[in-house]
Amino acid sequence: MFVARSIAADHKDLIHDVSYDFHGRRMATCSSDQSVKVWDKSENGEWHCTASWKTHSGSVWRVTWAHPEFGQVLASCSFDRTAAVWEEIVGESNDKQRGLSHWIKRTTLVDSRTSVTDVKFAPKHMGLMLTTCSADGVVRIYEAPDVMNLSQWSLQHEISCKLSCSCISWNPSSSRAHPPMFAVGSDDSNVTYGGKVQIYEYNENTRKYGKAETLMTVTDAVHDIAFAPNLGRSFHVLAIATKDVRIFKLVPMRKESTSTGPTKFEVQTVAQFDNHNSQVWRVSWNITSTLLASSGDDGCVRLWKANYMDNWKCTGILKGDGSPLTGSSGQPTAMSTVVGSSVQTSQNALNGMSAGRIGKRAPFAPPLRQLTSPKIYQHPAYY
Amino acid sequence: MQKIPAVSDGKHMGFAWGPGDILVYETLHKASGSGSSFIHEVRKDEDIYSPILRKLFNESHHIFVGLQTIREDLPSKSRKPQFVSISKNYRSVIRACMEELQQVAVSTKDGEAATQYGNQVSILLAIELIWNLCEVLFIDAAPAGSLLLHLLDWVRLHKADVDEKAREVLQSDSPAEHRDYWDVVVSYVLQGRLDEARQMLMKQATLQPAARNMYKLMDTLLSKMPFFNPSGTQTLTEFDVKWRHWHEEVDRCLQDNSFASNKHLEIICKLLLGDEDILLDHKELLGTWYHFLVTRLLFCHPTVKPAELHYYAQSCMTMFLDSRSVPEPLDSILLAAFEFDIHQVIKDCSIALNNWWFVAHLTDLLDHCKLLQSHNLHFGSNLREFLLLEYASGLFTHHSLWQLAVDYFDHCPEFGRVYLELQIERVPLDTERKALKVLRICEQRQMSEQVRSICKIMAMRALRNNRLGSALSWSIRAKDAAFATLISERFLQDYCTRGTFSDLDLIDNLGPAMLLSDRLTFLGKYREFHKLYEEKRFTEAAKLLLSLMTAKIAPRSFWMTLLTDALPLLETARSWFNSIQKNQILMTLTNCSFSLHESVTEVDLQRLQKSDYFSSV
């Protein structure tokens, strides 16, 4: 791995969230400086800030994109107890030439009485639905019935989770085999009662969301939660950021035909990693759910991968080195790599042929063999 | 571990997954404060961005697809040569790529780029070395006798510096006196290239007429060394006997000091006897333990059986390598190959290389040869699929190579389709042409949800940019009735404000697509009415207009407009409407005025009331 590019985000305060849009060509950043910035990636890979505006009157915790089927729509949530929906307006032609675009606020959601900690759009097959969760322990689900009029949102569900909520994640699966489902995490720090992760499921009969499962084994504060992309499996995979990184498998149990309640699940712990040795703050899956990334109090981002036998291992680590960034953005910065002794060997891997071993270079044939760049994976390319 | 600059200790590192990269930034969760406001794009070392390697990906894709279509029902006897041929194709693609990279590495002025190219060449060399060995041992599965010959070829192919040295020597004024002369001769012998050794030696022989007999003797010995002929009539046993005779003859020459006065020839004689110590004296010329292995086998045990290989391999490696040096990944991989542990080879290659290209294609080929199954791996084909999925997913992030990935997913029966569905949705739809390309792929595979979604995205984008025609045609393609309705209404609104239609071409040629939504049908028919009117086909126009009024597919906001359109037809002297039709118009008017629509204006009503019809009532 290497740093391909560094972008000077120019926020005046800490960045709290960075979110790619669906196609990976745009990015939104939000910060404690109360603003959101939108960036567009040009053909040569350079990022340009095309919009920057004040969104809230408090730190903005999260920003997220709606599916492009709904147009260019963003949602943000903040310490100021509100969440907001923004839509990009196609501007005048000279704006376009200058590479600027305008975003206008379509609605502010003010139902929460405390800091809104997470905002997520539901999977697109459910329509344009927005979910927020707050420190007051309430999850709110809003819907915009008319996709062409984003100023109209109605509060469809208000779910009290009893514990302060920090994160939500929808199950992205659109399979008809199971009803819509989301998970909520709580950062309540009292460990005496467990169940810091709750799973809610939509009930066709009651037309409401009911609690389907509480993960009792998760007793510490949960900071982030993420369902993995489904891949057509019958079970669900959920990653949790708590005092360690945990991956759970939720296997729906066969329902009685007469049962009208929520699905019962068999909960299995697939993996548990305490490598961060500290609080884990974020977890997130890549598109194909083959890689999980986590970040922790130790200031590292770790990448986790399962091999084809479903054994999970750490496949890469990113760590800040505290050195100031010099040089303009857009140039690959110098890397300092930390190389452990076991990795040293594979660093000079493939050095088998004559030259390397004996130290003399033979023409054409093997120049001193090395891999293209210093090895960073401690358990690399885990097959 | 990858260090990120400008993210200091004590801060958290936030991240976001992107296509082919991961963004990281400094933050402190749940706090505020100042900090470095940089976002770093971190990427895996990516060969897919190398223009030269791209050829590797393109051409190997071609070979891969061809391999998948080889018929399974043919007997394995006739399939093996096909597989060997495919393996050779793959290797020639690697070689071609390698040569091109080498040329660029040598010619570039940029030092850093030269190093990078050089590194890539090294890796490809190693890959080809491993692949070649796998071909010899697993795919061709040469039996004893041929095995050694194949291994000799293998070593010769990967020790090309001999030829260069030889060329240098031969081109000099006095080859036999060149300082590398004896190195070349010995190298030839070590590689079993005895004819060439003999030719070289002749040059020395002419310089030393006094030692002519000695050189003649050596020449004879070299010429008489038996080599197994797999296509000949001689059996392996017969060959073995013959070889032993020859070996004894050489030994006799050594014992009776035939070459004692010429240390070079004596060394060669000992080499021919497979003398370990002398062989090890020539480590530098051998270069590698596996050259040592093959040479040793050549001169000690040419009838080596495949199952015996690993004993020799292990001992040769130990003898050759310094006691201090640690075996490197390439060594373990080759050793695992000599042990016929395919699984281990694949595993070690996956670990040592950070591109899945090699292991994916090799494993796929081995799977087709039914070799993974023979190792009792009940997950054999899963391994193949796993690696192919990894490789293809890596291709997907590239702006043009993603199209190759599609074929790979097509040949992964278990998860290929769902991986394709997930990833093809994310291909940026920069241009209409690209969108159509993506759509075609989805349509060919009946991925109807992806088709609908992509069309919807394009329709939405067009709508936002006020390109109604484009939006409409995308909605039609998406079979999105609701959206088609919405856009039709926009068209109609446009007409109301401007008096003309945009995108006439599209509306005029809707055809059966018109039926997608009522509103769309109305739009199409209404436009038809206008055309008829322009063409002065008033009877038909009148009839159509009436049917639009009565068919109830007209939006209410449009009734007044329809009535207004009827006015010219009513006001002229000749009546284009018969009395029944006029009644219907009156009905519509009545309904209209009761609805109190904004579009009903006083002026319109007066005009209608003043018209011919009403005056005749």
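Here is a short exchange about two chains of a predicted model.

Student: Let's start with chain A. How many helices and strands does the secondary structure of chain A come to?
Tutor: Chain A has 383 residues, and buried ones make up 59% of them. Its secondary structure comes to three helices and 25 strands.

Student: Is A:T50 buried or exposed?
Tutor: A:T50 sits in strand 5 of chain A, which covers residues 47-54. Its relative accessibility is 8%. Buried means under 20%, so A:T50 counts as buried.

Student: Now to chain B. Are helix 27 and helix 28 of chain B roughly parallel or roughly antiparallel to each other?
Tutor: Helix 27 of chain B spans residues 518-534 and helix 28 of chain B spans residues 538-550. They pack with axes 8 Å apart, at an angle of about 155 degrees. Angles over 145 degrees count as roughly antiparallel, so the two helices of chain B are roughly antiparallel.

Student: Nice! Is the crossing of helix 27 and helix 28 of chain B left-handed or right-handed, and how many nonpolar residues has their contact?
Tutor: The crossing of these two helices of chain B is left-handed. Helix 27 of chain B contributes residues including B:F522, B:F529 and B:L532, while helix 28 of chain B brings B:F538, B:L544 and B:L548 among them. By class, the contact has three charged residues, no polar ones and 10 nonpolar.

Conventions:
Residues numbered from 1 in each chain as written. Chains lettered and ligands numbered in written order. Predicted model: local features only at pLDDT ≥ 70, side-chain atom pairs only at ≥ 80, totals over all residues. Heavy atoms only, no water. Axes fitted to C-alpha atoms, helices over the stretch in contact; angles between N-to-C directions. Helix = DSSP H or I, 4+ residues; strand = E, 2+ residues; numbered from the N terminus. Parallel < 35°, antiparallel > 145°, perpendicular 65-115°, else oblique. Left-handed = near helix turned anticlockwise from the far one by under 90°. Contact = heavy atoms within 4.5 Å. Nonpolar A, V, L, I, M, F, W, Y, C, P; charged D, E, K, R; others polar. Buried < 20%, exposed > 50% of the residue type's maximum accessible area, 1.4 Å probe, protein only.
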